[in-house]
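Open the structure in your viewer and have the selection tool ready.

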Amino acid sequence: MTKNPVVMIHGAFCNPLAMQGLKAAFEAAGYRVTTPCLRFHETASPPAVLGVTGLADYAADLEDEIAALDSPILLGHSMGGLLAQMVAARRKTAALVLLAPSPPWGVAPATLAEIAAAQAMFLHPGFWTQVLEANRDIAFSQSLNCVPRAMRETVFDGFVRESGRAMHEIMHWALDMNRTTEVDGAAIGCPLLFVTGREDRVNSPQTVARAAARYGDRATVEVLDGRGHWLIGEPGWEDLAARLLAWLKKQKL
């Protein structure tokens, strides 16, 4: 039986290299995998226009990417998980696999740490029009907290710059009159798997559960002990890949 194609969507401050482990695991299982690069994420020195490139731009590019695919499976990490939901509300998809996904418009952060992180962005006036560089200390303590210290530098060296507008739309959705990240949950009829780490300091398990609740019994939530935000590259990511493949097999995909 021919398997549904898989589109893996990377997160903020990343590019497709972040998905290479999962890509190899899925291809070994017989899936045809596409790992698109979000606009201006190809290089460590993007043009200034990245600063005002928003999630709607990313989503439109992804829609073009999957237009010729028949009922793809969308797998997204962090911001990529939010983009997967935005695209799936407008395109037919077979399933969504969402790893530590950023929540859509209207889902309030569940922890003080998430609220504080969003407020701290305003210490940099005008960030919503700027190209942002990844902050090493923040990445080490928040995104890579469950990555062994000896590995963190290597992972961080693979980070790229990100859009200030995109970060604003994710972290301050209540200020976005365009409701860029609003997702019509009723428009997504496929099964959804939400996977989060119990130690995730970026998108907490509680916030992920709030997002999943919008989809009712179509959504399954799995919380992994001892895992953080960088699920795609922490030690044990191979077990994560096996878990995802087992879930897809259960869905007969």
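**First stop: the largest pocket**

Select α4 (112–120): with seven residues, α4 gives the most to the lining of the largest pocket. Helices (H or I, at least four residues) and strands (E, at least two) are DSSP runs, numbered from the N terminus. This is a predicted model, where local features need pLDDT of at least 70, side-chain atom pairs count only at pLDDT 80 or more, and totals for chains, interfaces and linings use all residues. Residues are numbered from 1 along each chain as its sequence is written, and side-chain values use heavy atoms, with hydrogens and water left out.

A pocket, on a 1 Å grid over the protein atoms alone, is an open set of points where a 1.4 Å probe fits, with protein on both sides within 12 Å along at least five of seven lines; lining residues have an atom within 4 Å of a point. The volume here is about 1,300 Å³. Now pick Ala117, Met121, Ile138, Met167 and Met171: of the 47 lining residues, these are the closest to the centre. Colour the lining by type: 30 nonpolar, 14 polar and three charged.

**Second pocket**

Move to the second largest pocket, with about 360 Å³ of space. Its lining has 17 residues; Leu17, Ala18, Gln20, Val155 and Trp230 lie nearest the centre. Show α1 (20–28) and α6 (149–157), the elements that give two or more residues to this lining. The largest share, three residues, comes from α6.

**The sheet**

Switch to cartoon view. Six strands form an open sheet in the order β2-β1-β3-β4-β7-β8, with parallel pairing. Two strands pair if DSSP finds at least two bridges between them. β2 (33–34) and β8 (219–224) are the edges; each has a single partner strand, so one side of each has no neighbour in the sheet. Zoom in on β7 (residues 192–197), joined to β8 by six bridges. Select Phe194: its bridge partner in β8 is Val221.

**The core**

Which residues touch the most other members of the largest nonpolar core? Select Phe26, Met79, Leu83 and Leu99, out of 76 residues. Helix α3 (residues 79–88) gives the most to this core, with seven residues. Such a core is a set of buried (under 20% relative accessible area, 1.4 Å probe, protein chains only) Ala, Val, Leu, Ile, Met, Phe, Trp, Tyr and Cys residues joined through side-chain atoms within 4.5 Å.

Finish on Leu83. Beyond its neighbours within four places in sequence, Leu83 is in contact (heavy atoms within 4.5 Å) with Ile9, Leu38, Leu55, Tyr58, Ala59 and Leu62.

How values were computed. Buried < 20%, exposed > 50% of the residue type's maximum accessible area, 1.4 Å probe, protein only. Points joined across faces, edges and corners; volume = space filled by probe spheres on them. Nonpolar A, V, L, I, M, F, W, Y, C, P; charged D, E, K, R; others polar.
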